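Please look through the sequence and the structure below before reading on.

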Amino acid sequence: MSEDIKMIKTGKFLILSLLGLFTALFLPLDLFAQDFNLEATVSENRIFVGEQFNLNIEVSGSSMQDVSLPTLPQLSGVRVLSSSPSRSTSISIINGRTTTSTTYRFSLIARETGVYTIPPVSIQIDGETRTTNPIQIEIIEKGNLSTDGSQQLPDIFLEIELDDDNPVTGQQIVASVVLYFKQGIEITSFQPTAGWRTDGFWKEELENIRQPEPESVILDGVRYRTATLLRYALFPSRSGTLTLSEYPMSVGVRTRPERNDPFGSFFGGGVNQRRVSLESEPIDMDVKPLPEADSNAVSINAVGDLNIERSLNRSDVVTGETVELTTTIRGTGNVPLVRRPIYDLPDGLDLYTPEESSNVERRGLSIRGDKNFTELLVPRAPGRYSIPEQQIAVFDARNNRYKYITLPAVSFTANPSSNRSIAATSGSNQGMPGPITGLAVWNNQKSTPLHQTTLFWILLGVPILALVVGYLKKNQLDRLKSDRNYSRNYNALEKAQVRIEQAKQAHESQKPKELYNQLHKALTGFISDKVGLPEAGISDSELIKKVKEKNAASETVKLLKQLLDKCATISYAPAGSMADQQSDIDKTERIIKELKKLF
């Protein structure tokens, strides 16, 4: 019995061993033979005659045991520079799975023009023959730049490319800064330099570029790589012929010693680097005026996909109190350039200096945001006040027509004031007391000693107080001379007021750029002096951050940022009307008054 059991166990062990051996010998060939990827690519699909390009055969997988060298078929239109390909291998481990990738690179050179097909390439993988997919290429004639009299393009150059070179006033144009450079040149860095004049345009830099990605193009038979470095949104503020000046840029370059990899690292490092200064060609642009809108509509220079709303903050007020009429323009378009709509206000309303605020987003390829105009209305007499319905014209540049937005009528009631002056009663002596008659009695009061009188102590305290004040004043003067930060803090308000007065003088002389320059100095100088920051080299954002750290009201911070942004961009933006400039002067005085409470 025991021998039978032992024979059964031995038989089971033999069967399991045979199954394991079968699995080890045959299953990998069956299951893992397909666990790979084979792909053929070329560095360029369009090649000019005489240009070198690469044919890459890549084999990747996790269970390849034996991979042979690829065998090239007969190729038409090209010549193989070397029948022995270069080889590179990489290994990656992801979630415990090891993948090996081997790339074989053949260097070819184009010989004859035409459209050709590279046949499938054969390769042995674990004893089996595999083939790649065929690849189609086009070989074109190289331009004869030296004999036909045409201008030869430089090795590297810069261009401004516009999405529309014949816009209307206020229409957004996307200006792309595009760099072109020949094969063999690598770009290590780029830096725009000051000096790009955009007179007649409102300019906003778009935030859509993360990292330039080079593409391949052929210009006049010569291959270049091109990359879009920056993009700007431009809004023409007037019609006629406007000129974009040369765009200056400093570029770091290096020349590669070999052309084995035409698509090498765009920002690769290396030796033999140098910097070159580039400038684009100036561009003349013919800007058309906006067509005439309907005579019943109000034109506010709005261009784009914009919506407009208006509202009152109160429906019932007491005579003499203020009512806020707010108009909001929101959407995509020339939001920064939109003007305040002028409404037909009923008689009996006083209009105070309107306020405006805006919020602009620069992401993507368009400018979007909102702009608010707030008008303060004060009724002079009780009654019902109604602002009639109004049409606003918005030009749709895409469809070349106006869109008319109807703002419904808004109204409010002014109630009589509850305070009444009390009229004095006249013409009657009723209730008035009559003359008092009787004997006069004289009372002699005792005299008070001198040291107990108030006058004595006042005369005694004045010299002592004068000594104390003089001592404190001397200490202050000494500190003003020795402590520069204290002196700046002490004189900050006076300096700001002087600059505001200079801004008012510039306003009277109709010098808007000087006006906003003085307002900018008044605000930034006041904050810098109060917090002890350097007088130069500090950005507006750093100053705003300091104001936030003092727990300033959000409205004050928002108004400060808007005004600083306007001051910084006034050199290439419309200055606005005289009333708008006066409003900005008033805002500056109000901001400094609020900041004085914080510092």
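## The chain, a pocket and a glutamine

The secondary structure of this chain comes to 7 helices and 30 strands, and the model in which they are seen is a predicted one. Of the 599 residues, 37% count as buried, while the accessible surface comes to about 35900 Å², with 50% of that area belonging to carbon and sulfur atoms. Among contacts with a separation of 6 or more, 74% are between residues 24 or more positions apart.

The second largest pocket holds about 380 Å³ of space. Its lining is made up of 17 residues, and those nearest the centre of the pocket are Gln171, Gln172, Gly304, Ala397 and Arg398. Two or more lining residues are given by each of strand E21 (297-312) and strand E23 (323-333), and E21 supplies the largest share, 3 residues. The table divides the lining by residue class.

| Class of lining residue | Number in the second largest pocket |
|---|---|
| Nonpolar | 4 residues |
| Polar | 8 residues |

Leaving aside residues up to four places away in sequence, glutamine 562 touches Glu356, Ser357 and Ser358. Although glutamine 562 and serine 357 are 205 residues apart in sequence, their C-alpha atoms are 7.0 Å apart in space.

Conventions:
Residues are numbered from 1 along each chain as its sequence is written. This is a predicted model: local features need pLDDT of at least 70, side-chain atom pairs count only at pLDDT 80 or more; totals for chains, interfaces and linings use all residues. Side-chain values use heavy atoms; hydrogens and water are left out. On a 1 Å grid over the protein atoms alone, a cavity is a set of points where a 1.4 Å probe fits but cannot get out, and a pocket is an open set with protein on both sides within 12 Å along at least five of seven lines; lining residues have an atom within 4 Å of a point. Grid points are joined across faces, edges and corners, and a volume is the space filled by probe spheres set on the points. Helices (H or I, at least four residues) and strands (E, at least two) are DSSP runs, numbered from the N terminus. Ala, Val, Leu, Ile, Met, Phe, Trp, Tyr, Cys and Pro count as nonpolar, Asp, Glu, Lys and Arg as charged, and the others, Gly among them, as polar. Contact means heavy atoms within 4.5 Å. Buried means under 20% relative accessible area, exposed over 50%, partly exposed in between (1.4 Å probe, protein chains only). Accessible areas come from the Shrake-Rupley method with a 1.4 Å probe; for residues, only the protein chains shown count as cover.
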